Amino acid sequence: MLGNATNMLHWFLGNQKDIAGNRLFYENGDFITQYSIMNWLTFQNGSLVLKYVGSTKTVRNLRTFNIKVERIVWKNSINKIPRSQCSENCLPGTWKVLKSRIYSCCYDCVQCSSGEISNSTDSQKCMKCSDLEWPNEKKDRCVPKLQDFLSYTNDTIVLVISLVSTLFFFLTFMILITFILHQNTAIVKANNRNLSFLLLVSIMLSFLCVFFFLGHPVDLTCMLRQVSFGVLFSVAVSCVLSKTIMVCIAFRATKPGSSWKRWIGSKWSNYLVLFCSSIQVMICVVWLALAPPFTELDTHSSQGKIIVQCNEGSVIGFYSVLGYMGVLAIISFIIAFLARTLPDSFNEAKYITFSMLVFCSVWIAMIPAYLSTRGKYMVAVEIFAILTSSAGVLGCIFFPKCYIILWRPELNTRSHLLEGRR
């Protein structure tokens with residue numbers, strides 16, 4: 001289009017003549033003679049003034065314009081050379097969208113889309129940033145994306161979780177010390193003190209496994225976080241299940257001539273815990289062998305952020321761990337619920353019922369919340385479930401016993417337990 005306009009201009013100039021009929025320009029537009037260049041000024045009253053602003057001259061056989069630009073009067077309020085475009089220049093961060101197919105000087109400046117930049121004036125199009133980068137506020141350059149995870153330095157909730165987990169760990173440890181110091185008392189011996197010790201240790205370690213979920217995820221912590229809480233919780237729930245069955249056996253063994261007496265004091269409860277926990281261990285081993293969890297960078301779920309998260313590797317493996325743990329908890333709850341009407345001296349089943357009710361409620365509510373969140377909020381939901389369920393089991397089963405041991409020692413006697421039989 002520009003070449004056609006130039007040819008037309010040369011043709012027009014080549015055909016211009018003066019009053020005498022002499023040509024004013026050569027065919028290519030060069031000057032034939034010297035001319036004066038005048039600035040025509042018109043006023044509102046209709047008068048016309050010609051102002052000399054320059055002339056043509058020959059320099060080394062080449063005709064050129066010699067114009068004194070400062071003498072030209074332009075027809076605008078600022079008296080400056082008019083721009084040959086009807087739109088302002090598009091700044092970096094925007095790109096040109098033509099208003100018309102005919103006039104290329106008329107266009108709109110449109111801001112670059114999400115994830116794109118332009119780093120020059122009057123850009124024809126925007127450039128897309130890489131997956132690990134994001135446009136800055138002006139959208140004129142790409143900057144590295146922020147990494148999003150539960151950070152010890154940037155997230156206050158991490159400090160709160162760490163403090164709560166540590167406090168519950170020491171509380172559980174103090175309860176364990178209390179039970180060890182009073183291990184020969186009636187209330188500690190009533191429902192297999194070895195199971196109580198093992199249950200307290202597993203709960204105590206469950207509070208510590210929360211720290212695998214905090215900080216920058218790596219492949220090792222991704223594997224340890226799921227396996228540790230899965231195995232520890234299975235040990236804890238297996239202990240609860242074994243204690244529940246022990247409650248039922250202890251009550252039946254009090255009847256004269258009962259064959260259940262031979263089960264009292266036997267090691268079958270320890271074998272039950274070992275058996276139930278071993279199944280969970282095997283599930284975790286198969287999971288880690290076939291499709292272990294690993295660190296993953298999610299660059300698409302959140303704009304401007306890279307979510308550093310753990311990919312579970314095998315969804316089936318993850319939900320198998322949760323499912324098996326849930327089966328143990330439901331069985332414990334059902335048995336404890338059926339045994340809740342036993343005499344008071346054996347009524348640990350009542351506390352176990354409440355503990356398993358809290359445990360199951362927390363994990364059932366956790367699943368939809370876990371699936372509806374992303375990134376560090378998903379991790380926070382799982383941490384909340386671990387802390388709440390562990391604290392629920394600890395409080396429901398051991399707080400009543402600690403109250404009797406520390407503040408009502410007169411109830412912590414064999415005679416008081418025997419009264420409940422009659």
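User: Hi! Which cysteine forms a disulfide with Cys129, and how far apart are their sulfur atoms?
Analyst: Cys129 pairs with Cys142, and the two sulfur atoms sit 1.9 Å apart. A disulfide here is a pair of cysteine sulfur atoms within 2.5 Å.

User: Where do Cys129 and Cys142 lie?
Analyst: Cys129 is in the loop between strand 7 and strand 8 (133-135), while Cys142 belongs to strand 9 (residues 142-144), so the bond ties together parts that are 13 residues apart in sequence. Strands (E, at least two residues) and helices (H or I, at least four) are DSSP runs, numbered from the N terminus.

User: Before I go on, what kind of model is this?
Analyst: This is a predicted model, where local features need pLDDT of at least 70, side-chain atom pairs count only at pLDDT 80 or more, and totals for chains, interfaces and linings use all residues. Residues are numbered from 1 along each chain as its sequence is written, and side-chain values use heavy atoms, with hydrogens and water left out.

User: What is the mean pLDDT of the protein?
Analyst: The mean is 80, and 80% of the residues reach 70 or more. pLDDT is the predictor's confidence in each residue, from 0 to 100.

User: And which elements have the lowest and the highest mean pLDDT?
Analyst: The lowest is helix 10 (residues 414-419), with a mean of 59, and the highest is helix 2 (residues 156-181), with 93.

User: How many disulfides does a search of the whole structure find?
Analyst: It finds four. One of them joins Cys90 to Cys109, with an S to S distance of 2.1 Å. That pair links distant parts of the chain, 19 residues apart: Cys90 is in the loop between strand 3 (62-67) and strand 4 (94-98), and Cys109 is in strand 5 (residues 107-111).

User: Why is the disulfide of Cys90 and Cys109 left-handed?
Analyst: It is left-handed because the torsion about its S-S bond is about -95 degrees. As for accessibility, Cys90 is buried at 0%, whereas Cys109 is partly exposed at 37%.

User: What does Cys112 pair with?
Analyst: Cys112 is joined to Cys126, S to S 2.0 Å. Cys112 lies in the loop between strand 5 and strand 6 (116-117) and Cys126 in the loop between strand 6 and strand 7 (127-128), 14 residues apart. Both Cys112 and Cys126 are buried.

User: New topic: where does Ser118 lie, and is Ser118 buried or exposed?
Analyst: Ser118 is in the loop between strand 6 and strand 7. Ser118 is buried, with a relative accessible area of 1%.

User: Which backbone atoms lie by polar atoms of its side chain?
Analyst: A polar atom of the Ser118 side chain lies 2.7 Å from the backbone nitrogen of Gly93. The backbone oxygen of Thr94 is 2.8 Å from a polar atom of the Ser118 side chain.

User: Which residues is Ser118 in contact with, leaving aside neighbours within four places in sequence?
Analyst: Among them are Leu91, Pro92, Lys139 and Asp140, as well as Cys112 and Cys126. Contact means heavy atoms within 4.5 Å.

Technical notes. Buried means under 20% relative accessible area, exposed over 50%, partly exposed in between (1.4 Å probe, protein chains only). A polar contact is a pair of N or O atoms within 3.5 Å; within protein, one must be able to donate a hydrogen and the other to accept it, and residues adjacent in sequence count only if both atoms are side-chain atoms.
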